[in-house]
Amino acid sequence: MKGSEVRVENADKKFGDFHALKSVSLTIKKGEFFSLLGPSGCGKTTLLRIIAGFEEPTAGMVYLDDVDVIPLPADKRHTNTVFQNYALFPHLSVFENIAFPLRLKKVPFEQIKEKVTRYLQLVHLVGQENKKPNQLSGGQKQRVAIARALINEPSVLLLDEPLSALDAKLRHQLLMDLDLIHDEIGITFIYVTHDQSEALSVSDRIAVMNEGRVLQIGTPFEIYEAPADTFVAKFIGETNILDGIITAHNGRFYTIETDQLGPIMVTSDRKFEVGKKVRHAIRPEKIDITKEKPEGLPDDFNILHGKVSESIYSGFQSQFYVATDQKLPFKVYQQHESYLERGPAIRWQDEVFLNWDADDGYIVELI
Amino acid sequence: MTKPRLSKAVFWTTIAFLFLPLVVLMVFSFNEGRTMVWKGFSFRWYESLFLHQPRLWAAVSNTLIVAFTSSILATVIGTLGAIAIHWYRFKAKAYVQAMSFLPLILPEIIIGVSLLIFFRMIGMPLSLWTIVIAHTSFTMPFVLLMVTARLGEFDNSIIEAARDLGARESQTLFRVILPIAVPGIFAGFLTAFTLSLEDFVVTFFVTGSGSDTLPIFIYNQIKRKLPPEINAFSVVLIGVTVFLLFFARRSIKYFVQRK
Amino acid sequence: MSGNTDSRVGTTYSLPLTLWISLFFVVPMAIVFLYSFLTRDVGGGVRWEFNLDAYAAIFKQTSSGQFIYLDILWYTLWMAVAATVLTILVALPCAYYIARTKNNTLLLFLVIIPFWVNFMIRIYAWVAILGQSGILNEGLMALGLIKEPVQFLFNDYAVLLVLVYTNLPFAILPLFTTIEKFDFGLLEAARDLGATHMGSLRKVMLPNIQGGIITAVLFTFIPIFGTFAVPDVMGDSNTYMLGQLITSKLKMTGDYPGASSLSVLILILTAGGLILYTAFQRKQEKDKMVTIAEDAL
């Protein structure tokens, strides 16, 4: 493995009165594609800049393969950064931008040419080497920035919202390319983003951050399916939240008496005592929506009745906002299936039934 | 869209107003007579300009010496200052920013008055040197402004990128900062140079005997009786300026395209 | 934002600038300030006796009750206002026309070209046009409209004419840059909503280009307080503007404290203008913040 392990211990950062990072600890494994995910101002970029060496933490330690790197300036760390706005040198060609670190080291031109060509191939920019940055598209600029950051053969590549300036299609394309590059060179990638779908689709693991703290670290599956708290549940994907009190408990099965909907069935591998107030979440795509009352469902299915207050058709799926009889809003996503399996179309103001398996519901936390 | 007819009329009238004096100078530079009465076409004032006006040419030479020296000084000091102000932290930053902004808006006469009193107080004789100092002082803020404006197009990340990729401080300066600042430095230098060539007020205060620049020379002549060679000289000056600007534009284009 | 924590580098780069500005701007200004409180000495020097004489002189009256300096100040102010108003009135339509023309590089060049000719030569050209044996007089006499040459020079109008002439580009350029950024679609919207052409310009465009107008006003107004050459060459030798007064005190009578106190006066006026300007900008920023906040709600 060419990558490094990155270990952050109790990193704290204050900018004047603003507490940007509050005692953050995490370990990023060798060769991992690790994402720092959170809304703007959550401290993710600050953490990245501390790892890169652009900021010094107010307190705490940063280790690269067990070496304390806090005393090392950015140019002495085996990390390189891909900046949000690319930070390409406008006066240098694509070739010279990528060759910049080698030129600094006075590497002979033959070697520079050989190596830059290799990296141009890696990022699919062969043939563009004589262009100036202002002649490139946003996606091409970002590829140059990636090649330039990789040419020093860092053991950790830091990416600061590298795709945020690009449009959706291009973003997806570049993200896939990044994933391939990561697989090919095998170093550690630390990827900062506020876009949950970016993080979910390529990361080995994700750290969700908010207000200077790490709320949860886990695989994309864990983060989506078992969010550690309300913030994570709401920030990652869409969700319907129901609060209630546990009234019965039988093995994995819990019954929650909600304020408005009556009893809801849910399973959990965690232990909760009867009488505790909890928050329950159910993802919109896990709810089935039908015009007819569903028949023959097992006991552990929850069924609700309501009326469609809004319906949004978006090609591969439809989104429904359903007001239950108790006037509680519910979000439901219906994947469009093949013609044969499709029931009668559901329209605005239709009376509908919602149902979901207790296994799909999730107890987020005690409240 | 309504056609801006009124503004069009005002604009072209204004252009005519702006060019009127230049046209007059140009026409009468070829006048046989010495007054503003047309006596016939002649090149005599051009001939006499080059043969019989040694003091005018001395003033031209003074002007060029001052302009080159002061604008180079202002450009070097101003550029370094702009880099420091835009990208670095240092103790006197607020002070330097405020104090280098002030001369931009103060009437020039204040700079002239204060420097004259200053030179007198420290007993520095007035000469070309005092003019150079004065011109450097009042043109430097313009260099600072223009280089800062250029650097303003780039944020910190470009320097961080250079450092991140292994550049030392001097390498960052010479391989990244200065090259990207070039358009601003060039604009700043040209502005400083032009302002120095043009300056009358500040120079008027700090000039010593024998160190008259062109504007001072012309001023002294207007006060008496202006020699007709001045018309011819103006035309030569316009010609040279237009030529230089054309040349400068060509070379800027060449420079930009080559890069 | 500060990745550059090393303040030594910043100090090194800024050192020449700091030293130069301190030595050749701040110190001389401080000396002027100091001198304005000293006493004038015979032979063009100063005595180290502190008093307010130089300032009191500004308010001195002649035996006939005339304020000499205050009159000059008033006259300068009046000329500055007149020249500024005229300049802006001409510059506004010009800038508007340039901004509304598609390929306007040539038009901008036309505005700037005359200013590549030396300032003094341009003044001289006006003398050649307006002088007693200038082409205007020669032309009028040739046409038989006048018999004797008329003195067009040495009066306020000649001074105003040349002040406007020399200041025009400094007003046109900042106005052009703000007008160019203005969204002309707003004018069409205003017309669509029933405004007349002039009405839409006045009610929609004018408030949006205030910043440019203020810059243009400052660029013309402030320098006139220090102007010396124009009134000296074009003006009546019996009326003085502030710049001429300072010059004569310094170069002819050697009254350093007098010149200093008047310089301080100009400094205060300039500072006043600047404070108004920044206050205006602050207000605009604040208005912007309020709009953003309202949008957010």
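Student: Is B:A134 buried or exposed, and why?

Tutor: Burial here is a matter of counting neighbours, and a residue needs 20 or more other C-beta atoms within 10 Å to be called buried. B:A134 has 30 other C-beta atoms within 10 Å, so it counts as buried. Keep in mind that this is a predicted model.

Student: Which element does B:A134 sit in, and which residues is it in contact with, leaving aside its neighbours within four places in sequence?

Tutor: B:A134 belongs to helix α6 of chain B, residues 128–151. Its contacts beyond those sequence neighbours are B:I111, B:L115, B:V202 and B:V206. Take B:V202 from that list: B:A134 and B:V202 are 68 residues apart in sequence, yet their C-alpha atoms are 7.0 Å apart.

Student: Fine. What about a residue pair such as C:M29 and C:N103?

Tutor: C:M29 and C:N103 are 74 residues apart along chain C, with 45 Å between their C-alpha atoms. C:M29 itself is part of helix α1 of chain C, residues 7–35. C:M29 has 24 C-beta neighbours inside 10 Å, so this residue is also classed as buried.

Student: Where do the domains of chain B fall?

Tutor: The assignment gives domain 1 as 56–226 and domain 2 as 229–259. Their C-alpha centres lie 22 Å apart.

Student: How do I read the interface of chain B with chain C?

Tutor: Start with the residue counts on each side, then ask which element contributes and what kinds of residue are there. Here 69 residues of chain B are in contact with 70 residues of chain C. On the chain B side, helix α1 (residues 5–28) gives the largest share, 13 residues. By type, that side splits into 50 nonpolar, 12 polar and 7 charged residues.

Student: Now chain A. What does its secondary structure look like?

Tutor: Chain A has 8 helices and 20 strands. Its C-alpha trace spans about 75 × 50 × 40 Å along the principal axes, and 38% of its 367 residues count as buried. Among its contacts with a separation of 6 or more, 66% come from residues 24 or more positions apart.

Student: Which domains is chain A divided into, and how many residues are in contact between them?

Tutor: Domain 1 covers 6–235 and domain 2 covers 240–366. The centres of the two domains, taken over C-alpha atoms, are 39 Å apart. The contact between them involves 5 residues of domain 1 and 5 residues of domain 2. On the domain 1 side, those residues are 3 nonpolar, 1 polar and 1 charged.

Student: Pick a helix in chain A and show me how to read it.

Tutor: Check its length, then its surroundings. Helix α4 of chain A (residues 138–150) has 13 residues and reaches 19 Å from first to last C-alpha, close to the 18 Å expected at 1.5 Å a residue. Next comes burial: 10 of the 13 residues of α4(A) are buried, including A:K141, A:R143 and A:R148.

Student: What do the buried residues of α4(A) pack against?

Tutor: They pack against β6 (79–82), α2 (94–104), α3 (109–122), β7 (156–160) and α5 (168–185) of chain A.

Student: And the open sheet in chain A, which strands stand at its edges?

Tutor: With a sheet, get the strand order, then look for the ends. This one has 5 strands in the order β13-β12-β11-β14-β20, with antiparallel pairing. The edge strands are β13 (262–267) and β20 (362–366), each with a single partner, so one side of each lacks a neighbour in the sheet. Neighbouring strands are turned by 45° against each other on average, direction ignored.

Student: How many bridges join β11 and β14 of chain A?

Tutor: Strand β11 (residues 240–250) and strand β14 (residues 277–282) pair in the antiparallel sense over 6 bridges. For a specific pair, A:N240 has A:I282 in β14(A) as its bridge partner.

Notes. Residues numbered from 1 in each chain as written. Chains lettered and ligands numbered in written order. Predicted model: local features only at pLDDT ≥ 70, side-chain atom pairs only at ≥ 80, totals over all residues. Helix = DSSP H or I, 4+ residues; strand = E, 2+ residues; numbered from the N terminus. Buried ≥ 20, exposed ≤ 12 C-beta atoms within 10 Å, placed from the backbone. Contact = placed C-beta atoms within 7 Å. Nonpolar A, V, L, I, M, F, W, Y, C, P; charged D, E, K, R; others polar. Domains from an automatic or database assignment. Expected span 1.5 Å × (residues − 1). Pairing = 2+ DSSP bridges. Axes fitted to C-alpha atoms, helices over the stretch in contact; angles between N-to-C directions.
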